[in-house]
Number of protein chains: 2
Amino acid sequence: MGKIEDAIQQKEFKDPFNKVVVNILYTQSYLVTAQNALFKPYDISPEQYNVLRILKGQAGVPITVSSIQERMLNKMSNASRLVEKLKSKGLVLRSECPNDRRQVDILITQKGLDLLHDLRPLLEQANKNFINLNLEEIETLNNLLDKLRG
Amino acid sequence: MGKIEDAIQQKEFKDPFNKVVVNILYTQSYLVTAQNALFKPYDISPEQYNVLRILKGQAGVPITVSSIQERMLNKMSNASRLVEKLKSKGLVLRSECPNDRRQVDILITQKGLDLLHDLRPLLEQANKNFINLNLEEIETLNNLLDKLRG
DNA sequence: TACATTTATATGTATATACATTAAATACAC
DNA sequence: GTGTATTTAATGTATATACATATAAATGTA
């Protein structure tokens, strides 16, 4: 039984709202810790992986830094610096946008696509290992999280 | 409609496991962003608040740094440095443990307790504002998150 | 055109996370 | 008791988050 009360040794919560906030924060840490361990041998972080995933979704169409930012899981993150890290590893290309010289077009490289291809089966298996829910429960959970945010 | 597909502009997911991971990470960021804004005028971060909350739960009984670490929402965080930040703000006291000089006893100060007291009603209201679920849905969500972690 | 406003990206700084290492104290084997 | 292993906390370093500010380019308006 992985009850949140046992996980953080807290007997009771002020109210159910407080408890569910703590539970979401704790579960996020549980998942990110697992992701970190998975990505570490590939010298990539969960956040860098997420940016690569966004770029792959573009299927060859370049995307600006601000568009990446909008699609990131954490809107307060810093797409500019994450892209710089990925570029230094040869996983993305950066080029000035011809029709608006403020913007920068980002493209994933073949090396970036290969990395995602290698990681995909590992990530799929890890998700199944770390998420002890059946498909119906996952759908309920997704719907509740969507509703939570209003 | 706060569907995760719209929130991060991603049409579909590889599988339901992948989708629920993304949904939890995104929801955590949504909640922490709200917490940051709430705590900012009080010059405290969500993580520092969490450590104060743990100390208050001790009801005057000192607790070691490693015990704080075990009870934190993020097990990979650094209790030693967070305690140092709180001490420099006068919110906690640190004293050498008499029976084991490796350990350090931490206690929340009256100033720390006062801060928690001031924040409590704000946090309660914020939680209600930001969590668009009824009590039954919250309970279901808590149970699903507990089960997810196994 | 000139000038203010807005937009896109980069950068500066503080805090936190992730993980390795160090230093000191304690526990344990012999 | 001596020497080794373990435990506790602190520290070092890289990455990421949070948010303010800077810089350059584009846009809007008198």
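Predicted model: local features only at pLDDT ≥ 70, side-chain atom pairs only at ≥ 80, totals over all residues.
Visitor: Which residue is the bridge partner of B:Ile63 in β3(B)?
Guide: B:Ile106 is the partner of B:Ile63.

Visitor: What holds paired strands together, in general?
Guide: Strands of a sheet pair through backbone hydrogen bonds, either parallel or antiparallel.

Visitor: And in what order do the strands of chain B form their sheet?
Guide: The order is β1-β3-β2. These 3 strands make an open sheet with antiparallel pairing.

Visitor: Which strands stand at the edges there?
Guide: β1 (63–64) and β2 (92–96) of chain B do. Each has a single partner strand, so one side of each has no neighbour in the sheet.

Visitor: How many bridges join β2(B) to β3(B)?
Guide: There are 5 bridges between β2(B) and β3(B), the latter covering residues 104–108. These two strands also run antiparallel. Within β3(B), B:Asp105 stands opposite B:Ser95.

Visitor: Which strands does helix α5 of chain B lie across?
Guide: α5(B), residues 79–88, lies across β2 and β3 of chain B. The helix runs at about 120° to β2(B).

Visitor: Switching to chain A. How many helices and strands does chain A have?
Guide: Chain A has 7 helices and 3 strands. Along the sequence they follow the pattern α-α-α-β-α-α-β-β-α-α.

Visitor: Is chain A a compact globule or more spread out?
Guide: More spread out. Its radius of gyration is 18 Å, well over the 15 Å that the globule rule gives for 150 residues, so chain A is more spread out than a compact globule. Its C-alpha trace spans about 60 × 30 × 30 Å along the principal axes.

Visitor: What about the sheet in chain A? Parallel or antiparallel?
Guide: Antiparallel. The sheet is open, with 3 strands in the order β1-β3-β2. At its edges stand β1 (63–64) and β2 (92–96) of chain A, each with a single partner strand.

Visitor: How many bridges are there between β2(A) and β3(A)?
Guide: They pair over 5 bridges, in the antiparallel sense. A:Ser95 has A:Asp105 in β3(A) as its bridge partner.

Visitor: Which strands does α3(A) touch when it packs on the sheet?
Guide: α3(A) touches β1, β2 and β3 of chain A. Its direction makes about 90° with that of β3(A). Helix α5(A) packs on the sheet too, touching β2 and β3 of chain A. The direction of α5(A) makes about 120° with that of β2(A).

Visitor: How are the two copies related, then? What rotation superposes chain B on chain A?
Guide: A rotation of 180°, with 0.0 Å of shift along its axis. The RMSD is 0.0 Å. The two copies are thus related as by a two-fold rotation axis. The same surface serves both: 100% of the contact residues of chain B recur in chain A.

Visitor: How many residues does the contact take from each chain?
Guide: It takes 51 residues from chain B and 51 residues from chain A.

Visitor: Which element gives the most to the side of chain B that touches chain A?
Guide: α2(B) does, with 17 residues. The residues on that side of chain B divide into 22 nonpolar, 16 polar and 13 charged.

Visitor: Now the DNA. How many residues surround DNA strand C?
Guide: 29 residues do. The closest are A:Ser66, A:Ser80, B:Ser45, B:Met76 and B:Ser77.

Visitor: Which elements supply at least two residues each of that surface near DNA strand C?
Guide: From chain A, α2 (16–39), α4 (65–71) and α5 (79–88). From chain B, α3 (46–57) and α5. α2(A) gives the most, with 5 residues. By class, the surface has 7 nonpolar, 13 polar and 9 charged residues.

Visitor: And which residues are closest to DNA strand D?
Guide: A:Ser45, A:Met76, A:Ser77, B:Thr64 and B:Ser66 are the closest of the 29 residues that surround DNA strand D.

Visitor: Where does the largest share of the surface near DNA strand D come from?
Guide: From α2(B), which gives 5 residues. By class, there are 7 nonpolar, 13 polar and 9 charged residues near DNA strand D.

Methods. Residues numbered from 1 in each chain as written. Chains lettered and ligands numbered in written order. Contact = placed C-beta atoms within 7 Å. Helix = DSSP H or I, 4+ residues; strand = E, 2+ residues; numbered from the N terminus. Nonpolar A, V, L, I, M, F, W, Y, C, P; charged D, E, K, R; others polar. Pairing = 2+ DSSP bridges. Axes fitted to C-alpha atoms, helices over the stretch in contact; angles between N-to-C directions. Least-squares fit on C-alpha atoms with pLDDT ≥ 70 in both. Near = placed C-beta within 6 Å. Rg over C-alpha atoms; globule rule 2.2 N^0.38 Å.
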